[in-house]
Structures are given as structure tokens and as C-alpha cells.
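Hello,

Here is the structure I said I would pass on. My notes on it follow below.

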Amino acid sequence: MSVQVVEDAEILSKFQDEKTRNEAFNLLLKKYQQKIYWHIRRMVIDHDDADDIAQDVFVKVWKNLPTFRADAQLYTWMYRIATNECITFLNKKKAKNNVSLDDVDSTLGDTLAASSYFDGDKAQRRLQEALLTLPDKQRLVFNMKYYEDMKYEEISDVVGTSVGALKASFHLAVKKIEAFLLSKD
């Protein structure tokens with residue numbers, strides 16, 4: 001039994017009608033919930049935090065969907081909301097603990113070590129450790145390009161950075177990851 005993928009235009013159309021709004025949102029959740037969750041999870045590492053942030057993202061999507069302008073793609077708009085929520089969360093975590101971003105990354109590293117999801121083979125674990133050494137924006141760009149296989153133009157819509165700057169950011173991220181992987185056993 002194959003799952004039918006509903007086009008964004010149909011979801012948006014159904015959302016505009018009060019009678020089919022809940023159905024439309026359920027279709028949207030079915031289509032994007034996992035992708036958004038994993039986008040968030042790769043940034044904040046912890047499942048509970050990712051789950052909470054994903055809920056916040058979809059509450060914002062629900063509240064703001066009536067004013068969504070179709071000049072952007074629906075999923076890039078949702079990724080932008082998720083990305084902003086991740087950055088806000090990481091900044092609050094840093095401020096709340098009154099620690100440097102390096103300490104937050106160290107805490108994320110401890111969470112990574114304890115996580116059953118990231119308990120894959122040694123190479124996957126090392127890649128995740130390497131990703132935690134990157135600045136947030138480089139990590140976001142790398143995750144969207146490497147894991148999500150997004151085009152630079154789509155990433156540009158999400159993070160609001162030029163395609164050229166994104167390519168440079170991705171290149172720098174790859175170089176830093178290579179250096180990290182080569183520097184340790």
C-alpha cells in the first residue's frame with residue numbers, strides 16, 4: 001500500500017476552507033513532520049528538545065499559515081521557522097546556563113554520546129562529533145545540503161544568505177570536518 005503524497009497547493013487550498021482546515025493540517029503534518037523533526041534533531045541533538053521545538057514549529061505554522069504567501073515554497077518556509085526556533089533554543093540554552101557556545105557544544109557532545117539514535121557505527125559518530133565543532137550556521141548549511149540534499153537556492157530561502165556565501169560556508173564546513181576526522185583516531 002503506497003502513501004499518496006499530497007501537493008502543497010492542495011494542502012494550502014484545503015487550509016483556506018474552514019471545513020477542511022484540520023484535514024489540511026493533518027496532511028501537512030504527515031508530509032513534513034519527520035523531515036522537520038530530523039532537521040531540528042541534527043541541530044539540538046536531544047530527542048526531547050527536538051520534539052518540543054518541533055511542536056512549537058507546527059504551532060507557529062498553524063497560526064501563520066493563513067497569511068502564508070505562496071511566493072516561497074511551503075517546506076522552505078517551514079524550514080526557516082524550524083531553523084529560527086533551533087537558533088533561538090541554542091541561544092537561550094547558552095544564556096540560561098551563562099556559558100559559552102563551546103560549553104553548549106560540549107553539552108551537546110555529551111548528549112550525542114548518550115543518544116541511542118546517534119549510536120551508529122564509529123564513522124557516523126565521528127561525523128556527528130565533527131559537526132558539533134562547526135558554528136551553528138555552518139552546521140545548518142551542511143545538514144541541509146548533506147542530509148536533506150537541498151539545493152543551494154532552497155537553503156538560501158531558508159537561511160536568508162546568498163548562494164555564493166552558502167557555497168563558501170559548505171566548503172568551509174567540509175574542510176573543518178575533514179580536518180577533525182583526520183586529527184583524531
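A patch of negative charge sits on the surface, formed by Asp48, Asp51, Asp52 and Asp56. Please keep in mind that this is a predicted model. Aspartate 48 belongs to helix α3, which covers residues 47–64. A helix of this kind has 3.6 residues a turn, so residues three or four places apart point the same way. With a relative accessible area of 51%, aspartate 48 is exposed, because the term applies over 50%.

Aspartate 49 is in helix α3 as well, but its relative accessibility is 19%. Aspartate 49 therefore counts as buried, the limit being under 20%. Leaving aside residues up to four places away in sequence, aspartate 49 touches Val44, Phe89 and Lys93.

Isoleucine 45 is not a glycine, yet its phi is positive, at about 70 degrees. Isoleucine 45 has 1% relative accessibility and so counts as buried.

A positive phi also occurs at aspartate 149, a residue other than glycine, with a value near 55 degrees. Aspartate 149 lies in the loop between α7 and α8. Is aspartate 149 buried or exposed? Its relative accessible area is 62%, so aspartate 149 is exposed.

Now the chain as a whole. The protein chain has nine helices and zero strands, so its pattern along the sequence is simply α-α-α-α-α-α-α-α-α. It has 185 residues, and 43% of them are buried. Taking contacts between residues at least 6 apart in sequence, 60% join residues at least 24 apart. The accessible surface of the chain is about 10,500 Å², and carbon and sulfur atoms account for 50% of that.

Regards

Conventions
Residues numbered from 1 in each chain as written. Predicted model: local features only at pLDDT ≥ 70, side-chain atom pairs only at ≥ 80, totals over all residues. Heavy atoms only, no water. Patch = residues over 30% accessible without salt bridge, like charges linked within 9 Å, V, L, I, M, F, W, Y side chains within 5 Å. Areas by Shrake-Rupley, 256 points an atom, 1.4 Å probe, with all protein chains shown as cover. Salt bridge = Lys/Arg side-chain N within 4 Å of Asp/Glu carboxyl O. Lys, Arg positive; Asp, Glu negative; His and termini not counted. Charge placed at Lys NZ, Arg CZ, Asp CG, Glu CD. Helix = DSSP H or I, 4+ residues; strand = E, 2+ residues; numbered from the N terminus. Buried < 20%, exposed > 50% of the residue type's maximum accessible area, 1.4 Å probe, protein only. Contact = heavy atoms within 4.5 Å.
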